[in-house]
Every structure is written in structure tokens, then in C-alpha cells.
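Thank you all for coming. Please take a moment to look over the sequence and the model before I start talking.

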Amino acid sequence: MNSAAIRSTYLEFFRARGHALLPSASLVPDDDPTLLFTGAGMNQFKDMFLGRGTLPHKRVTTTQKCVRLPDLDNVGRTPSHHTFFEMLGNFSFGDYFKREAIEWADELLRTGYGIDRDRLGITVYQDDDEAAAIWKKLGYQRIWRFGEKDNYWPSEAPSKGPNGPCGPCSEIYFDWGQRADGSPGTTDDPSSSGGRFLEIWNLVFTSYDRRDGGLLEPLPQRNIDTGMGFERIVRVLQGKPTNFETDLFLPILERLGALASRPYGVDRALDRPMRRIADHLRATVFAIADGVVPSNERQGYVVRKIMRRALADGLDALGMKGPFLADLAPAVIGVPGMAECFPELKRHEAKIVAVIGEEERKFLETYSKGREKLGEEVAKVRAAGSATLPGKVAFFLWDTAGFPVDLTQRVLEDEGLALDVAGFEAAMEEQRARSRAGSTMKGDIFAGGPLKELKRELAPTQFSGYAQDARVAPLRVLLRDGARVKTATEGQSVALLFETTPFYAEGGGQVGDRGEFVSDSFRVRIFDTTKADGYFLHHGTVTSGSVSEGQEGRLEVDLATHRGPTRRNHTATHLLHWALRRVLGPSVEQRGSLVDPERLRFDFSWQGAVAPEKLRAVERLVNEQVVANLAVGTQECAYDAAVKAGAMALFGEKYGDLVRVVAVEDSVADRRSVELCGGTHVQRTGDIGSLKIVAESGIAAGVRRVEAVTGLRAIELFQAREELVRGVAAQLRTTLEELPVRVTALQEDVKRLKKELEKASRAQSSGALDDLLASAESIGGVRVVVAALDLAGDPLLALVDQLKAKLVGGCIAVVGKEGEKAPIVVAVDQEAQSKGLKAGELCKVFAGALGGGGGGNPTLARGQGKAGQPVAAGLEAVRAAIRAATGG
């Protein structure tokens, strides 16, 4: 029976018995902020168990998508652990109870799945005589009674565990007849039988509501909550040694084997990382289909973590040379019956592949640099005679290179080393302390102390800058070094508060205004304006005279060099947002912005890079609006009315009941930019001058960034680029019009020369291959090639692959040359491994002798030494290690 049939057999069995077949809930709980992921079928029915749900059903059956993380490190090592799995379930809300649940479980297992009762064992809660009697009446002989730890769910005791529905449970185990090692094992305790028994189904008799302090309150109704591990029952019915040999995983593993040129099931050392990759990719694909994207927060952080673990397995263990998870993702979706049961997989397939591909590309560069640095640090640890990597080193790799600490631990484990976890955590805490110390923004003056009293005597600042850029005002509060003072003199840094100001305070992506506060007796240069709890803080320096509280002066905004270009850029940002939605579609949503006098920056939701022709279309649309010299109008109205009328409320902004609407007027509705915005803007679009996009890039999974300049900055950019092109044309001795033809001709010349160089390199490699095979020596009955070569990178790896194909029963250890580095590759085939040789151990010896580090699996390992070290000594060290291992 294939997995799709096993799933449908379960669901149809219970549908025929009056159960409503409902779809799986999302992996991301939408009504429980305490849960990162849905981890059980009952999560979506919690209110129904408590008697306050609104579903019109008393009986329900589902197959629920689940993610659990506590056993992450066991994935691939054991037959049954996963991060993502399906949970088949049938549920009763105040309808049937123990007898029906047990009898139907027995019926489905025997008649639906064809499992004999003598292959099953049952556990019940220690004082649940009712459940034990029902099982015994059905003819079951092996019935074990266990206490709170094993047979009360969810918890290890009735009084311990998460608040919510709970109760005693009865578990069903399948008996393989022997332990995983072939011995009979114990039959006294199925949970510690060494693999002889496999739990396949848990029937929970949900009768209580656990409250604070472990108090158990009887529920208003008795419920049933069952969970059958789908991957486990498939394994049982297909008779496989692990879940990974079932048809749920084999299509993924076969595709992975093809991508890596290393078939699954051939090399046990490689099977474990291949299983981890398949498992982690399943979790990634399903999470993205439910709206999770890799990030540094909550669900996104988990997806990023497991993706990077899978990538590291592919790079380190399988020798993958680039991204591969995006190519593998369709194999997950294509597992028979999977897309039919979970249609969101096919619906979002393009998005899933795009998000995975983007995350892979971002991480590969980080991983390459971090892995190289870690190799150097490992070499230092070994040279010092230690077995532990200092925690501060792991923190440095994480903080500066972005190399995750869990990957550091895995590499160290492969190297036979440990991490100073306490030292890492101490370094992390020091950084948190620094962050906390620096987190008090210069605007947060009301956080505590006597400054709190200011709120009692001074109302929040009134902003007059929409209508004016200067005004006379008395200084109400003078602050220096966070404290209130009466007077400040020349050279001192201050913060000024006024009842009303034309200065715009930083907010909504727009920087704060600059300018001056001046009178005949003083001058304060204001370099920034921020806001705290509605109070505008004017940060500046007294440049002449002395200023005191109560003095009157003139507040003058720097219109020419600061606010003027800033408001041009702000209105241009609105037009850019509008144009992006026109060209790319309504899925574009703002994800952040920055508007200052020099440029504008706009972040938005989009998968993958924006095509150049699309960017050109966006740029043209904006400039058409600029040339049209359209009026830019503003009005205040109620928030609900503004949004209903089509105004866009932007990402990350908080709005009051009364909002300001900024609209670029146009007679055609879909050519109007209408947004809620409190910033400053030009009066007509022609004031912008022109807009030029200067960059487009990705800043996070599913988030792109466009940067642009306007006005004179755009003209300066045009002129600089024209000068650059003219200079290139002059160097190539051609005209601007003929420049493309000249460049194409040069490119053709480069291609031709590369082909000639590759041809010569292949000829050199062919000669080197013959020479190396001829130089093969026999050590301990193993054919061995140990050599130093003038190769690096792909040519070195290609030569090793050619040697492996011809040197049957052999061991290859070569060192190349690449600038200041000495790349090392060691390969050992199965026959040589049977004589005691392991590539990873030989690589460590080789690299260590050359002042570097390295490692890998028994079949293939890579490392790096330092150029200038005595290569001959390294070669002899490898030979000595081979002799010691083989006795030769």
C-alpha cells in the first residue's frame, strides 16, 4: 500500500463513521502566540475541547501538518525522528469516548491495514481499568500499565505541563519481533525496547482542563483526541527499516543522490546527512507554503536555521559546489499524493522555489568565508594541544561572519572537538549588555528621573512646518547631557524644546530637519530633530553667544540644502511606490523607507530580482508624472474614511483616528498616488526635477530595495556616467556610437583565448593524470597517490575525480597551490576504507603538517595548508599516517 492510499484509508474510515473531513490547520498558529508552530492535530480544536468552540461538528478527522524542534539533533540518526511530519487524527467533542475510540482503532488496524493483533502491544494509564478492559475484551494479550510520565498527555504528570485540555492516554505499539541490532530485546517496556517496539498511535481521553498551579478542572464534556504518526504507519505497512526508505522520502533522496552524484543507500556515512537534508527540506517547503520566509525572528528564524543546516550537510558531506535545495524542492511537492492532500504546495511552488533559492545564494558566501575561518581556528586549537574551541572565537564567527553557532558545533563534532559553550554565551551576553547600554536613543529623554516632570508643565509639541519653514518662538526647555539647565554657552551640545516648531522630527522614513535657532545674542546650529512621546527635540550646538530658557529667537529650517531636497525625495518615494505597484502588481507592499537630502531608499515585498526592463518601466512612469507637473494635495480626515477611499496605510506605521492624506492629483483614478503620510512634500511633481534609479538589491528573503536620486543629484549622476562612458570609448579608440560593437569584439576575443587556455589546461591535466597513476605506490596493500600539484579549485577537484575513477582500491592525497594558500584534497574508496583508511583523518594530518586545518567524511575530505610550509614534510606525514593505519 503506497503512502497516499494509507492516508486516504484512514480519513475515509472515519468519514464513513460520521466524522467531518477538515483540512489541516496552518503550520503557523493564528490564534496562539505561545506556539511557534502547530505541533499536534488537536491544536486547532482547543476551544472545541473546552466546550466553547463554534464548529458545527461533533466528530472530525484530519491529517495535520506538524513541526517539532526538540529532537532536531536526532534527525537522520534514528529511524523515526523528524522536524516536519503528518499526524492523522480523529476527534470527538462530547460525543463518543473510550469504547468507540478503542474499537475503531482496532478495526482500522486489523481490517483497514491488515495488521494482526499479535503484532501489537497496548499501554494504558496506571489506574485506567476501563481502557484496559476494553482492550482485553477485544483479544489483546500484551497490555502494559504505566504512570504519569508515559501515559498522560500532554505532560509528564497530571499536575505538570502546559495549561489546557489534557487526560490519560492509551498508546498502540507495533512489534517488529526483534531489536534494531537483531537481538530479541525486552518485552516488558515497549518504550525502552531498543527499537523492537514502535509507537504508531496515541488515543488521548481528554477529560480535564489544566489550570495555573497544575489544578485539574473537569471539562464540561468528555473528548477524544487521537494522533497516528503518518510516517511511522507508512514505514510499518511498507516494511521498511526506517521512515526514510518509504515512498514519502525515497523520491527526495533519489533526486538528491542524482544532484550529488552519490546515490542514497550506498555509503552509510553519507546516508545520515542525506536523510537530514530530505527532512529539513520538507519542513522548509511546507513552512514557506504557509507564509513563513527565512528571517531572524520566530518562525522565520527556525526555517533559516534548518535550511542552513541542510545546506551545510550538502556542502561538507556531499561535496556540493553550489545551491541545490531549490532544485530539490519540486521533489518534495511531487511525492505521490502530497500536492493533492495539501494543494497549497502546488499553488505556491514558484514562490517556494524562489524563496529557497534566494536564501541559498545569500548564505553560501557567508558559509564559505566562515568555514574557511573556522578551519584556521581549528588548526590553532590543535596546534595548542587543546580539544576545545574558545567560545569567544565562535561568537566572533557568528558576529562578524554570520556563521551560525550550531553549524560551528557540528563542524567541531566532525573534527572530534568541543565548543566552550559557556564562553560563547558569556560573549553573547556581553554584546546584549552593550546593545542595552546603547539602546537609549537621543530622543528618549522622558524615560525616568526629573525629566518626567516636564510632561506636567509642557504639552506635546505642535508642528507648524507644513505651512512655514521659519517662526519666532521662545525656548521653553533647555537640556544638556540629559539634564535640564538654565543656560548653555558657546561650544556646548544642547537639546531644545519649543511649544510650536516648523522643524520636522524624524519619522515615517524621513530624516529630521536641520537649521538654526538664532537671535542677536546667540546662534544654535541644529543638526537633527527627533521625537519622543510627542515632544520634538532639536539637537544642536551653541556656535556663538549663550542661550537661556525663556529667550526668544527665530527657528529657521535649512530649506536650500536639507528640507528642499528631502521633500523632493519624499514625494518621489510615493510616486516610486505607485509605479512599482503599476508595473509589478498589487502584491508589492512597502517594507521600509529612508528619505534624506541625498537620496531615497524604498524597501518592498517581492520575490527575486526585478528585471531591468521592469525597472526602466517604473522609472519612466515616475518621470512621466514629474513632467506632467501634477498638483500634490493634502487633507486631514478620519483614518477609516481615508483607507476606505483608497489611501494606502504603510508598513510599520501607527496612525491615530485623524490622519493626513497626501495625493498626487490626476483625472484617472489608477494614475493617482494616495497615501497616509505625515511627512513634508513638494507642491507639484515638477518640483522633483527628475528621478534616476541607481540600485536594486535584495535585503531579506522576499524583500527588495530600490535606491534613487532626484533633482540636481540625478543630473550629476547622468553627467558622471556620460563622462565614464566617454572615457571608456576613448581608451578603446572608438566613438560612443561604436562602443557596443567594440566591446562585443573584445568579449569574443576573451572567449576565444579562454577556450585555448582550457584546451592547454586539459592537455596538462591529462599528462599529469598519467604521471600520477604511474607514480602510484603500494602501502599496506593500498594503491596510494601522494603528490603536490600546481593546480587549485575546480581543476584540482576534477583531477582527483579522474584519479578516483582509475585508481581502484586506492587512496589519493594531493596538495595544490593558490596564492598564499595550499588547498588539500583527500579521497579514499570503499576498498581502502576497509583497510583502516579514512579521508577525514588523513586530511587532518596532511593539513596540520602544513600549518592549516581540514576534515570531512571517510570518503572525501578537504583542507587547507599555508603556502611556504615544507610540502615534502606534509607528503611524508600523510604516507606515515597511511602506513600506521594499514600496517604497511
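This is a predicted model: local features need pLDDT of at least 70, side-chain atom pairs count only at pLDDT 80 or more; totals for chains, interfaces and linings use all residues.

Residues are numbered from 1 along each chain as its sequence is written, and side-chain values use heavy atoms, with hydrogens and water left out.

The chain has 888 residues, of which 49% are buried, and by buried I mean under 20% relative accessible area, with exposed over 50% and partly exposed in between, using a 1.4 Å probe and protein chains only. There are 26 helices and 35 strands; these are DSSP runs, H or I of at least four residues for helices and E of at least two for strands, numbered from the N terminus. Along its principal axes, the C-alpha trace spans about 100 × 85 × 55 Å. Among contacts with a separation of 6 or more, 66% join residues 24 or more positions apart, where a contact means heavy atoms within 4.5 Å.

Let me turn to helix 10, residues 325–333, where seven of the nine residues are buried, so this helix is largely enclosed by the rest of the structure. Its buried residues include Leu-325, Leu-328 and Val-332, and the helices that the buried residues pack against include helix 7 (250–260), helix 9 (298–316) and helix 13 (349–383).

Helix 21 gives another picture. With 21 residues, helix 21 reaches 31 Å from its first C-alpha to its last, close to the 30 Å expected at 1.5 Å a residue, the expected span being 1.5 Å times one less than the number of residues. Which residues of helix 21 are buried? They are Gly-711, Ala-714, Leu-717 and Ala-729, and they cover an arc of only 120° around the axis, which puts them on the same side of helix 21; the arc is that of the directions from the helix axis to the C-beta atoms. On the other side of helix 21, the exposed residues are Leu-712, Glu-723, Leu-724, Ala-730 and Gln-731.

Now to strand 20, residues 522–532, which holds Ile-526. Is Ile-526 buried or exposed? Ile-526 is buried, with a relative accessible area of 0%. Leaving aside residues up to four places away in sequence, Ile-526 touches, among others, Phe-503, Phe-517, His-538 and Leu-555.

Finally, the two loop residues. Most residues other than glycine have a negative phi. Asn-629, however, has a positive phi near 55°; Asn-629 lies in the loop between helix 19 (612–627) and strand 25 (632–638), and counts as partly exposed at 32% relative accessibility. At 80% relative accessibility, Arg-733 counts as exposed.
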